[in-house]
Amino acid sequence: MGLPAFPMRDDADNGGEGFSARLSAAAQRCWLVLRRHRVILFVTMALCLLAGALFILTSTPDYRATASVEVEDVPAGAAGSAAAQRAGSANDTETLMQTELEVLRSRALAEEVARDLSLVGTPTFFKGMDEVRPPEGVGTLSQRQVEQDMVVRLLRDNLEVELPGKSRVLRISFVSADPVLSARVANSYADSLIRADLKRGFESGVQARRFLLGELDGARNDLARAERDMAVYATRTGTPAQSGEESKPVKPAAPDGSVATRLAQLNAFRAQAAADRIAAQKRWESARRASADTLPEVLGNGAMQQIMADRAQARAAVAEERQFRKDAHPEMREARAKLAALDEQADSMANTIRASLREQYEVAVRGEDQIAKEIAQLEQQAQVEQGRDVQMGIMERSVDTYRMLHDSLLQRYRDMASQAGFQAGRIQPLDRAAVPTRPFSPRIGVTLLLASLGGLALGLLLVAARHMFDDAVTSADTLAERVGLSLLGAVPVTGDNPQPAEIFTPIAASLLLASADGLPRSILVTSAQEGEGKSLTLHALALALAGLGKSVLVIDGDMRRPVQHRLFRLSPARGISEVLTGQAMAQDVIVDTGIAGVALLPCGTLPPNPSELLSTPALDGLLTAVRDRYDTVLIDAPPILGIGDAPLLAAKAQASLLVVEWGRNHHGGLRAAVERLRRSGGAIVGAILTKQQGRAMDYDYHRGG
């Protein structure tokens with residue numbers, strides 16, 4: 001039996017097309033969810049818009065007045081203020097502006113504004129702030145103290161400070177229900193900030209002068225102590241003490257007998273001695289390792305040359321005598337004795353020359369060591385003299401440093417004393433706050449826009465929650481959305497009695513178009529779980545197909561709880577279990593149901609393990625034997641979840657039909673059942689929704705079927 005021809009995706013499709021398809025499918029599912037729950041979305045948005053409108057109608061109009069001031073790095077009018085501003089780093093400027101922001105938000109400045117405008121004890125302020133004036137004290141606090149705390153809190157809560165960009169301008173805004181009050185408070189904040197800055201500048205100037213005076217006394221004492229120490233050291237060491245560039249004398253040239261001159265001469269002598277020692281060492285090393293005959297000193301010695309010439313003649317004479325005489329001959333012995341005497345004389349002369357070379361090397365080494373000792377003594381003496389000069393230089397520089405510090409502090413103190421009382425502050429007024437003519441809040445457009453966006457977001461959240469928590473299959477949309485199956489039809493609740501065939505006539509007509517060849521030759525009817533009406537559906541579907549002129553064979557494949565024989569009001573003794581075990585032939589156990597065009601192959605005896613029977617090749621033989629005798633074969637299979645019979649039967653059938661109970665199956669279990677059925681190789685042509693309740697199924701042509 002061949003499976004129905006379904007469109008297959010080409011393996012050569014790229015990943016982009018697959019992603020686009022998945023994205024399109026996801027968008028379509030989201031649209032279906034929104035359309036199904038559109039009432040929730042629209043009602044939520046309408047309620048949020050209504051709440052926004054009520055907020056606008058019930059809110060008290062607020063007015064905001066803004067004043068601005070400019071903050072400089074150094075006080076305006078101070079000498080070098082422009083250069084100081086240019087030299088200031090970005091981090092310093094940011095720190096300064098943040099400091100001024102915190103000063104504006106401080107409680108101390110709010111109390112200053114309250115005193116400046118006499119807000120405590122003024123009913124107008126509480127009326128402008130739309131607040132109730134405290135009638136009495138609380139606990140140990142008096143009524144005025146409570147009122148003052150409330151005024152300070154209202155000032156700080158309704159103050160808005162803005163630093164636009166990286167500028168040095170501070171915008172000071174105040175919001176209240178009275179436009180005049182807003183302008184007064186904003187201007188008072190700007191004036192109080194300027195006064196506080198001037199006060200801090202004056203107090204810091206006084207403190208700075210006191211600090212400089214103390215530092216000046218300390219610098220004066222340090223200078224006197226350094227001059228005394230230098231004088232004492234110069235007296236002890238006999239070195240003349242000088243301080244200041246103008247008092248430093250030019251040092252005379254060093255005499256020839258000075259330490260530096262002698263040290264330079266000895267360094268030259270040491271270099272020459274080292275060269276002589278290296279040359280003597282090379283001659284001695286060569287003489288010690290080389291043969292005496294090859295030494296340059298030996299070859300250049302006249303006596304040694306004469307001895308070597310005589311020795312050569314003696315060797316020649318010995319060689320000549322050996323040709324004619326034996327070694328025991330007297331003349332031969334005399335010649336050999338003469339040669340031995342000459343060899344001994346040559347060796348003695350060579351050893352003497354080697355000894356003289358060694359002596360020369362040792363003399364050079366001793367000379368170099370002596371010069372090195374004298375140099376070390378002179379260097380030690382030079383270090384002592386240099387240490388005295390260095391210590392004196394250190395003391396002179398210390399005196400000069402203390403003198404410069406003293407003079408600098410003295411000049412700074414004079415400048416600050418001359419500018420005391422005439423220095424401007426670093427905060428300057430820029431714009432005064434004008435009385436606002438239009439309210440700042442509520443903003444009708446912004447409020448309605450936020451209400452709309454909030455209603456949309458809340459509606460989408462409610463739709464998502466409804467979709468997540470209410471996942472029962474109740475329509476074609478939810479069926480397609482949850483498991484990707486098309487709905488062939490829906491039937492109402494009819495109890496446990498056989499259902500009317502005319503209800504299933506449209507579904508049977510849809511099955512005639514289920515494949516490219518028309519009605520599938522074999523159709524498996526199953527459900528995700530028991531009790532969903534699959535057997536009643538199959539029974540009614542068989543009657544509907546027979547009513548359309550088709551011959552149908554019903555196979556009761558549920559060998560655990562067979563019911564088809566009861567629905568057809570039959571009691572056969574044998575069935576499919578005997579056919580699969582080889583105890584009977586298919587044509588012998590197929591019974592006539594009494595309905596034209598419908599035959600039944602009952603279950604027969606209940607086997608102990610139905611899965612083993614369904615996995616044998618006998619089932620293929622059975623379906624092959626009955627396929628050509630009927631237009632289609634309807635197989636009643638057990639539920640999919642928990643039992644392995646349905647996947648085995650689905651692998652043998654040409655198509656599968658899933659029965660889903662209305663409102664009972666949720667997408668988790670239903671998806672698992674469909675995936676299990678598909679993994680077995682079954683081609684699912686669609687689903688039938690049974691036991692429908694409530695209003696008619698929300699289904700039309702354009703929304704799929």
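These entries record what I looked up in a predicted model.

**Entry 1: helix α16**

I began with helix α16, which covers residues 534-547. I compared its length with expectation: at 1.5 Å a residue, the 14 residues should span 20 Å.

I then asked how many residues of α16 are buried. The count is 13 of the 14, and α16 is therefore largely enclosed by the rest of the structure. Just after this helix I noted Gly549, which takes a positive phi of about 90 degrees.

**Entry 2: helices α5 and α7**

I described this pair by the angle and the distance between the axes, as is done for two packed helices. Helix α5 comprises residues 107-117, and helix α7 comprises residues 143-157. Their axes come within 9 Å and cross at roughly 110 degrees. Since angles of 65 to 115 degrees count as roughly perpendicular, α5 is roughly perpendicular to α7. I recorded the crossing as right-handed.

I next looked up which residues meet across the pair. From α5 these are Arg107, Ala110, Glu111, Val113 and Ala114; from α7 they are Asp149, Val151, Val152, Leu155 and Arg156. For the spacing along a helix I kept in mind that residues three or four places apart point the same way, because an α-helix has 3.6 residues a turn.

**Entry 3: cysteines**

I searched the whole structure for disulfides and found zero. I also looked up the exposure of two cysteines. Cys30 has a relative accessible area of 48% and is thus partly exposed, whereas Cys603, at 2%, is buried. The cut-off for buried is under 20%.

Definitions and conventions
Residues are numbered from 1 along each chain as its sequence is written. This is a predicted model: local features need pLDDT of at least 70, side-chain atom pairs count only at pLDDT 80 or more; totals for chains, interfaces and linings use all residues. Side-chain values use heavy atoms; hydrogens and water are left out. Helices (H or I, at least four residues) and strands (E, at least two) are DSSP runs, numbered from the N terminus. The expected span of a helix is 1.5 Å times one less than its number of residues. Buried means under 20% relative accessible area, exposed over 50%, partly exposed in between (1.4 Å probe, protein chains only). A disulfide is a pair of cysteine sulfur atoms within 2.5 Å. Axes are lines fitted to C-alpha atoms, for helices over the stretch in contact, and angles run from 0 to 180 degrees between N-to-C directions. Angles under 35 degrees count as roughly parallel, over 145 as roughly antiparallel, 65 to 115 as roughly perpendicular and the rest as oblique. A crossing is left-handed if the near helix is turned anticlockwise from the far one by less than a right angle, and right-handed if clockwise. Contact means heavy atoms within 4.5 Å.
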